[in-house]
Number of protein chains: 2
Amino acid sequence: MSILVVGSVAFDSVETPFGKAEDVLGGSATYFSTSASYFTDVSLVAVVGEDFPDEHVTLLTDRKVDVSGLTKVPGETFRWKGRYDYDLNQAHTLETHLNVFSDFEPEIPEDHRDNDFLFLANIDPELQLKVLDQVTGARFTACDTMNFWIESKIEKVKEVFSRVDLVVINEGEAREFAGEASLVKAAKKVLALGPRIIIIKRGEYGAIMFTETTVFSAPAYPLEEIFDPTGAGDTFAGGMMGLVASTGDISEANIRRAIVLGSTMASFNVEAFSLDRLKDLKTEEINDRYGEFKRLTHFEGL
Amino acid sequence: MSILVVGSVAFDSVETPFGKAEDVLGGSATYFSTSASYFTDVSLVAVVGEDFPDEHVTLLTDRKVDVSGLTKVPGETFRWKGRYDYDLNQAHTLETHLNVFSDFEPEIPEDHRDNDFLFLANIDPELQLKVLDQVTGARFTACDTMNFWIESKIEKVKEVFSRVDLVVINEGEAREFAGEASLVKAAKKVLALGPRIIIIKRGEYGAIMFTETTVFSAPAYPLEEIFDPTGAGDTFAGGMMGLVASTGDISEANIRRAIVLGSTMASFNVEAFSLDRLKDLKTEEINDRYGEFKRLTHFEGL
């Protein structure tokens with residue numbers, strides 16, 4: 001089954017201890033859809049400005065991403081500029097220019113309104129709600145958010161959480177949202193709003209999933225060098241939702257597999273700037289690395 | 001087979017967001033030996049002052065710990081005072097009074113010098129070296145250390161690392177020791193000194209083991225409340241070495257099991273101040289929680 005993703009397509013300028021990249025392709029929907037495209041059909045809804053080059057669109061269409069919902073409007077594309085120091089878990093935002101994104105009103109193409117799987121990437125929760133109003137037939141919906149919305153529109157964030165099946169969120173943001181130092185308590189507070197599952201992203205420490213009755217902890221792949229963490233969370237979500245949609249299986253056991261596949265995809269993405277590594281992976285290397293997660297976590301009973 | 005541990009026995013005063021405890025039993029060798037005592041015979045070498053009450057010794061002997069190497073000398077017992085804020089991964093030391101520990105010269109009783117398993121808890125690396133000089137017949141040796149020694153006696157720390165089979169160390173200390181932000185690189189630098197295995201403790205994120213050819217990542221048990229993290233690292237090491245010694249199996253597969261058992265023991269210890277939880281565990285609850293680690297980490301192949 002196919003996934004619909006609504007989020008940002010952007011130009012990123014990034015500095016890491018290993019180098020820098022200027023005005024390269026970025027954005028939550030870009031990373032998500034490229035990652036998910038290895039497993040299932042993906043349609044993207046986003047907006048870009050007149051400065052957005054065709055080659056970036058080609059990168060997406062080469063991955064068979066349906067870009068019929070990618071609107072080009074007068075003005076400049078959303079730009080983000082950030083820096084990572086040696087603590088690569090923490091992005092320092094230097095500049096944010098919403099540009100055409102500030103007037104973005106997601107209009108879901110008619111033929112995507114009954115999509116089975118929907119991912120609301122990190123955008124204004126009011127826009128996420130507007131998408132949920134349009135895509136009423138989805139079987140499984142998931143969302144991400146960020147500290148900016150938690151601090152400025154927490155009631156809207158809560159409303160989004162109450163209307164999705166799965167919340168994907170960073171560790172620090174989960175704690176901030178719930179006002180709890182304990183991650184277990186924070187997860188419970190989110191689940192109490194309605195979603196069946198919460199997946200908390202912990203950067204180089206991996207991810208942890210909570211349902212009402214179970215917990216699953218997955219490590220990140222231990223890389224010698226994390227070249228650029230930009231997009232890791234969206235790449236994770238793309239791989240994760242990609243497997244769920246491709247199998248049509250929303251069982252807890254399959255979500256566990258999906259989390260490991262998401263971590264696999266994220267581990268490739270951080271090996272290079274922008275989508276340089278993510279855009280051209282082989283099925284065999286994905287499967288091999290998934291297998292390495294098995295070896296990384298295996299232990300026998302007592 | 002039995003374990004010999006050399007380390008500290010102390011009085012701790014601890015404040016956490018959940019309460020405080022004053023002058024309670026603590027010390028690296030105390031936590032280690034109590035934890036290991038559930039799985040094998042343990043002998044402890046340490047020093048205390050005249051103020052050390054018999055009831056604390058009884059707690060150890062009740063757990064069948066051999067305290068013939070626990071020396072009582074004139075003066076006061078080592079005292080540590082610390083505070084944890086909501087970030088329970090980070091202890092803030094308020095006071096350290098070495099007292100009788102400042103003249104400690106570990107003298108290993110004759111009948112423990114050919115012990116098969118040796119754990120050098122976090123003490124001055126020069127003392128760790130003196131212990132290694134005395135315990136020449138050990139089949140498997142492990143050590144811990146801390147930032148204080150890395151900053152003041154790094155050459156001695158390196159010498160200790162070069163003479164043991166296994167290094168157990170905190171994440172921040174591993175990075176500081178190696179001067180590397182990448183944990184993979186830090187682990188390689190430690191292994192290059194000689195040990196076959198390094199286990200890096202990551203607090204609420206669990207532990208990660210590196211050998212020359214393999215990596216194993218284990219989560220921490222997700223607790224709703226971490227009441228007091230004091231001693232968690234030594235409790236981890238005690239459970240881990242306890243299993244290795246009790247089975248006599250130093251294979252990589254058994255070290256993986258041992259890491260999970262160490263994490264199991266640490267998860268109990270942080271549920272209460274001092275050794276209040278650790279001193280009186282049932283085999284069944286240990287086995288049950290080990291089983292929960294299995295469920296916590298399980299996922300199927302693609």
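**Entry 1: a helix pair in chain B**

At what angle do helix 3 and helix 5 of chain B pack, and how far apart are their axes? Before answering, I remind myself that this is a predicted model. I found an angle of about 30 degrees between helix 3 (residues 125–134) and helix 5 (residues 154–163) of chain B, with the axes 8 Å apart. Angles under 35 degrees count as roughly parallel, and that makes helix 3 of chain B roughly parallel to helix 5 of chain B. I noted the crossing of these two helices of chain B as left-handed.

Next I looked up who makes the contact. Helix 3 of chain B brings Pro125(B), Glu126(B), Gln128(B), Leu129(B) and Leu132(B). From helix 5 of chain B come Lys156(B), Val157(B), Glu159(B), Val160(B) and Arg163(B). By class, I have five nonpolar, one polar and four charged residues in this contact between helix 3 and helix 5 of chain B.

I then turned to helix 8 (residues 232–247) and helix 9 (residues 252–269) of chain A, which pack at an angle of about 140 degrees with their axes 7 Å apart. Helix 8 and helix 9 of chain A are therefore oblique to each other. Roughly antiparallel would need an angle over 145 degrees. The crossing of helix 8 of chain A with helix 9 of chain A is right-handed.

The contact of helix 8 with helix 9 of chain A divides into twelve nonpolar, nine polar and one charged residue.

**Entry 2: strands of chain A**

In what order do the nine strands of the open sheet in chain A run? I wrote down 5-4-1-8-9-10-11-12-13, with mixed pairing. Strand 5 (66–72) and strand 13 (215–218) of chain A are the edges, each pairing on one side only. From one strand to the next, the twist averages 15 degrees.

Inside that order I picked out strand 8 (residues 117–120) and strand 9 (residues 140–143) of chain A, a parallel pair with four bridges. Phe117(A) has Phe140(A) of strand 9 opposite.

I also looked at strand 2 (residues 10–16) and strand 3 (residues 19–26) of chain A, which run antiparallel and are joined by six bridges. The hairpin between strand 2 and strand 3 of chain A goes through two residues. Asp12(A) has Val24(A) of strand 3 opposite.

**Entry 3: the two chains together**

What rotation superposes chain B on chain A? I got 180 degrees, with 0.0 Å of shift along the axis and an RMSD of 0.0 Å. That is the relation of a two-fold axis. Tyr205(B) is the residue of chain B that comes closest to the rotation axis, at 3.2 Å by C-alpha. Both copies use the same surface, as 100% of the contact residues of chain B recur in chain A.

Each side of the contact has a tally: 30 residues from chain B and 30 residues from chain A. On the chain B side, helix 7 (183–191), strand 13 (215–218), helix 9 (252–269) and helix 10 (283–297) each supply at least two residues.

How values were computed:
Residues are numbered from 1 along each chain as its sequence is written. Chains are lettered from A and ligands numbered from 1 in the order in which they are written. This is a predicted model: local features need pLDDT of at least 70, side-chain atom pairs count only at pLDDT 80 or more; totals for chains, interfaces and linings use all residues. Axes are lines fitted to C-alpha atoms, for helices over the stretch in contact, and angles run from 0 to 180 degrees between N-to-C directions. Angles under 35 degrees count as roughly parallel, over 145 as roughly antiparallel, 65 to 115 as roughly perpendicular and the rest as oblique. A crossing is left-handed if the near helix is turned anticlockwise from the far one by less than a right angle, and right-handed if clockwise. Two residues are in contact if their C-beta atoms, placed from the backbone, lie within 7 Å. Ala, Val, Leu, Ile, Met, Phe, Trp, Tyr, Cys and Pro count as nonpolar, Asp, Glu, Lys and Arg as charged, and the others, Gly among them, as polar. Copies are superposed by least squares on the C-alpha atoms of residues with pLDDT of at least 70 in both. Two strands pair if DSSP finds at least two bridges between them.
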